[in-house]
Amino acid sequence: IEPRRVAVGDMVNSIVVENDGEFKSLEFTPVDDVTSLSKEEIIKKIQNAGIVGMGGAGFPTHVKLSPKEPEKIDYIIANCAECEPYLTSDYRRMLEEPEKVIGGLKIMLHMFPKAKGIICIEDNKPDCIAKFCELVLPGDNIEVLELKTKYPQGAERMLIYAATGRKVNSSMLPADAGCIVDNIDTVTAIYQAVRFGEPLMSRIVTVTGDAVQNPCNFEVPVGMLLSELLEQAGGLKNEAVKIICGGPMMGRALFTMDVPVTKTTSALTCLTEDEVSALAPSACINCGRCVSVCPGQILPARLSVFAEHGEEEKFLKYGGMECCECGCCSFICPARRPLTQEISSMRKVLLAKRKKCQRQYIHLLPWH
């Protein structure tokens with residue numbers, strides 16, 4: 001066990017596994033009839049399998065599936081809206097393993113018998129929509145919902161509103177709106193864990209970008225170095241100006257490839273040109289474009305100034321915590337201002353302070 005750097009730049013205690021070259025695997029215990037399992041048994045299997053939100057948040061799935069008021073859950077939503085540019089891992093999953101997605105969703109519906117399942121797919125994937133419509137039976141209580149193709153359709157709050165018409169803000173959880181949302185990979189991992197007893201040990205990663213020799217999707221063991229993954233795609237055919245862990249809108253730029261694939265690593269994007277960083281940021285011209293594209297309907301230009309100057313009260317007053325860090329404002333800004341980065345930095349500071357206050361409050365409670 002030793003500190004290793006991860007994609008966000010932090011040093012994290014990591015288990016370094018030496019390969020013995022034997023490639024032996026354990027025998028897992030399958031369950032033929034998952035409906036015979038209680039909700040508590042399913043939750044335990046999901047927890048033991050180490051399943052987290054694989055869309056990027058990494059929130060423990062067993063906690064998400066244990067809301068305070070389970071009887072108020074009306075919808076279980078499978079997020080198949082792969083809206084980030086360049087990424088195709090969810091698309092391949094839908095085409096090649098749709099039965100696992102439906103199986104995982106049925107397990108979740110078994111846990112919440114009053115809920116309805118919704119499989120949300122953007123309309124630029126008609127082959128996937130047709131395949132799921134063919135496989136979903138009338139008695140499954142599952143709807144295949146065709147959504148408009150737009151970014152960031154796959155963001156949790158936007159997806160809930162598009163699928164159900166219910167609104168969720170930063171002070172709420174999806175469960176507060178009667179919804180549970182899970183990424184398609186998470187739903188598949190639930191199926192593998194409950195049906196076959198398999199822990200979450202791998203995921204599909206898109207290796208893409210115009211600098212990559214052979215862009216494609218790989219099923220990758222968690223812990224594999226991104227440098228090794230790039231080698232499997234044939235390496236670089238051109239010099240990469242920017243290498244991103246994730247997609248170009250919400251991914252994180254890397255300064256080293258010696259970082260591991262984690263459960264939330266969706267893609268490795270290698271770009272030859274980077275016009276955004278090639279142009280130096282200039283003064284805001286108050287054009288309002290960032291406001292017009294913001295899915296959270298906030299004021300990115302103003303919030304970035306508050307963040308830059310450390311004005312926390314004004315940042316909160318103007319709804320800075322409603323930002324989903326989608327990157328639309330930075331992308332559209334003609335002045336090339338790093339709006340998303342500024343807002344994201346302030347959100348991290350405020351969230352850290354909020355957690356610290358909560359810990360101090362718990363410590364001061366008389367029974368603690």
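**From contacts to cores and salt bridges**

Student: Which residues does Thr 265 touch, not counting residues up to four places away in sequence?

Tutor: With those residues left out, Thr 265 touches Arg 203, Ile 204, Val 205, Leu 226, Cys 245 and Pro 260, where contact means heavy atoms within 4.5 Å. This is a predicted model, in which local features need pLDDT of at least 70 and side-chain atom pairs count only at pLDDT 80 or more, while totals for chains, interfaces and linings use all residues. Residues are numbered from 1 along each chain as its sequence is written, and side-chain values use heavy atoms, with hydrogens and water left out.

Student: Why does Thr 265 count as buried?

Tutor: Its relative accessibility is 3%, and the word buried applies under 20% relative accessible area, whereas exposed means over 50% and partly exposed lies in between (1.4 Å probe, protein chains only). Thr 265 therefore counts as buried, and its place is in the loop between strand 10 (252–253) and strand 11 (267–271), where helices (H or I, at least four residues) and strands (E, at least two) are DSSP runs numbered from the N terminus.

Student: What makes the pair of Thr 265 and the backbone nitrogen of Thr 262 a polar contact?

Tutor: A polar atom of the Thr 265 side chain lies 2.9 Å from that nitrogen, and a polar contact is a pair of N or O atoms within 3.5 Å; within protein, one must be able to donate a hydrogen and the other to accept it, and residues adjacent in sequence count only if both atoms are side-chain atoms.

Student: How do you know whether Thr 186 is buried or exposed?

Tutor: Thr 186 has a relative accessible area of 0%, so it is buried. This residue lies in helix 7 (residues 184–196), and its side chain reaches the backbone nitrogen of Met 54 at 2.9 Å. Leaving aside neighbours within four places in sequence, Thr 186 is in contact with Ile 51, Val 52, Gly 53, Met 54 and Thr 61.

Student: What makes a set of residues a nonpolar core, and which members of the largest one touch the most other members?

Tutor: A nonpolar core is a set of buried Ala, Val, Leu, Ile, Met, Phe, Trp, Tyr and Cys residues joined through side-chain atoms within 4.5 Å. The largest has 41 residues, of which Leu 65, Ile 76, Ile 119 and Ile 121 touch the most other members. Among the elements that give two or more residues to this core are helix 1 (39–48), strand 3 (75–79), strand 4 (116–122) and helix 7. A second, separate core of 20 residues includes Val 205, Val 220, Leu 229 and Val 259.

Student: Why is the pair of Glu 143 and Lys 116 called a salt bridge?

Tutor: Their side chains meet at 2.9 Å, N to O, and a salt bridge is a side-chain nitrogen of Lys or Arg within 4 Å of a carboxyl oxygen of Asp or Glu. Glu 143 lies in strand 5 and Lys 116 in strand 4, so the pair ties together parts that are 27 residues apart in sequence. Glu 143 counts as partly exposed at 28% relative accessibility, and Lys 116 counts as partly exposed at 30%.

Student: How many salt bridges does this rule give, and what is the N to O value for Arg 337 and Glu 308?

Tutor: The count comes to 19 salt bridges. The side chains of Arg 337 and Glu 308 meet in a salt bridge at 3.9 Å, N to O, which is within the 4 Å limit. That pair links distant parts of the chain, with Arg 337 in the loop between helix 13 (328–332) and helix 14 (339–364) and Glu 308 in helix 11 (residues 300–309), 29 residues apart.

Student: Which residues are linked in a network of salt bridges?

Tutor: The network links Arg 93, Glu 97, Lys 100, Asp 185 and Arg 203. Within it, Lys 100 forms a salt bridge with Glu 97, the closest N and O atoms being 3.0 Å apart. Lys 100 counts as partly exposed at 24% relative accessibility, and Glu 97 is partly exposed with a relative accessible area of 22%.

Student: What is remarked about the phi of Gln 297?

Tutor: Gln 297 has a positive phi of about 55° although it is not a glycine. Its relative accessible area is 73%, so Gln 297 is exposed, and its place is in the loop between helix 10 (289–293) and helix 11.
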